[in-house]
Amino acid sequence: MERLNFQYFWDQANPETGLVRDRCSVISDKQGTVASIAATGFGLTAMCIGEKRQYIATADAQKRVMSTLTSLWNMLPNHRGFFYHWADINNGERVWDSEISSVDTAILLCGVLTCREHFKNRTLTELASAVFDRVDWAWLSEDTTLLPHGWTPEFGFLPYRWDNYSELMMMYLLGMGSGSHPLRPETWSAWKRLKFEYAGIRYIGSFAPLFVHQYSQAWFDFRGKHDRYADYFHNSILATDVHRRFCLELAEQFPTYSNDLWGITASDSKHGYVVWGGPPAIGPIDGTVAPSAAGGSIPFLPQPTMRVLKNIRNRYEKAWSKYGFVNAFNPLQNWYDSDVIGIDTGVTMVMAENARTGFVWDTFMKSTEAKRGMALAGFTKNQ
């Protein structure tokens, strides 16, 4: 699975720009030209995994990373170091009037730092540091401790704030860890950590899909650590198990859900892209399964998630493709997605590697920025 996931990031990037497609069809040769800045962050991390596992030669991996970093530094339009959510894969230009995205830039930067720590190449190191240090976190938090989702040249800052527990942790920690334009440490305490309870299990969560528990932890290693509020790795274990139980409860309505088949997170569906999950139930849940729900949670619940992934691989042939699992499928409707999506394939690949070796965690956490961010947030080792 991990080998095929890597292949997505090798094939579905423009080798000249290094930008990675947001998604691609696995049944058609015709592909779009829209790249995702977040998928590109996973793509950079994929080059580290691919080189380590000898999927590709070191020289080829470094060449792709250098192409990507050069594009980010010289070609892609940015505002105070932050990048547009969507870009043309060939020339880096803004697509769809998209916003300068705070969280998608953060995912990209996690990939940039992973490459800087993995590839001991002076030019690459300097370029990666330049891309990171250009990001002006102080501008993003000029008049607020709650970071905005983004900014557009037409309307300024978007009205939405990163105010509740979610994938936001990586963004705040990177900002606090910046050596050039840092966030104030008090921003770490500004966002809410809502407490949920399900089947007697208490945990911090959101009214959001399962991926909110995965993305920051793809790079930041929260194992065996806590701040004044929580042990976030343990919290994700609880939240993932709660989601599994929630799916089992849904089996009365959707009988294909079982211990062998569960997992709902933002994904494609028969009727288009849907943001769904729970508990509590959000979105028009219809029995669809997103393999990345289990795939991105492998380090949290290794045996239950692998049980699901092995079952999908063995029983649902149409859910498997040249890049691993398709984005989603619904056995009740006999519907199978024709696409894979970069960020979902990416989080599956990274979490598979972390579950096997801890490689991405170990590499990323060597960065001064990651260490500084977690220290300023008050993380200490568990007793």
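At what angle do helix 1 and helix 11 pack, and how far apart are their axes? In this predicted model, helix 1 (residues 2–11) packs against helix 11 (residues 342–356) at an angle of about 140 degrees, and the two axes lie 9 Å apart. Helix 1 is therefore oblique to helix 11, since angles count as roughly antiparallel when over 145 degrees. The crossing of the two helices is left-handed. On the side of helix 1, the contact is formed by Glu2, Asn5, Phe6, Tyr8 and Phe9. Helix 11 contributes Gly342, Thr345, Gly346, Thr348, Met349, Ala352, Glu353 and Arg356. By class, the residues of this contact comprise five nonpolar, five polar and three charged.

The largest pocket holds about 770 Å³ of space. It is lined by 31 residues, of which His85, Val103, Asp104, Glu167 and Phe211 are the closest to its centre. Two elements, helix 4 (102–118) and helix 11, each give two or more residues to this lining; the largest share, three residues, comes from helix 4. The lining of the largest pocket consists of 16 nonpolar, seven polar and eight charged residues.

The second largest pocket contains about 200 Å³ of space. Among its 14 lining residues, Met1, Glu2, Ile298, Met306 and Ala352 are the closest to the centre. Glu2 and Ala352 also take part in the contact between helix 1 and helix 11. Two or more lining residues come from each of helix 1, helix 10 (302–315) and helix 11, and helix 10 gives the most, with four. The lining of the second largest pocket has nine nonpolar and five charged residues, but no polar ones.

Technical notes. Residues numbered from 1 in each chain as written. Predicted model: local features only at pLDDT ≥ 70, side-chain atom pairs only at ≥ 80, totals over all residues. Heavy atoms only, no water. Axes fitted to C-alpha atoms, helices over the stretch in contact; angles between N-to-C directions. Parallel < 35°, antiparallel > 145°, perpendicular 65-115°, else oblique. Left-handed = near helix turned anticlockwise from the far one by under 90°. Contact = heavy atoms within 4.5 Å. Nonpolar A, V, L, I, M, F, W, Y, C, P; charged D, E, K, R; others polar. 1 Å grid on protein atoms, 1.4 Å probe; cavity = no way out; pocket = protein on both sides within 12 Å on 5 of 7 lines; lining within 4 Å. Points joined across faces, edges and corners; volume = space filled by probe spheres on them.
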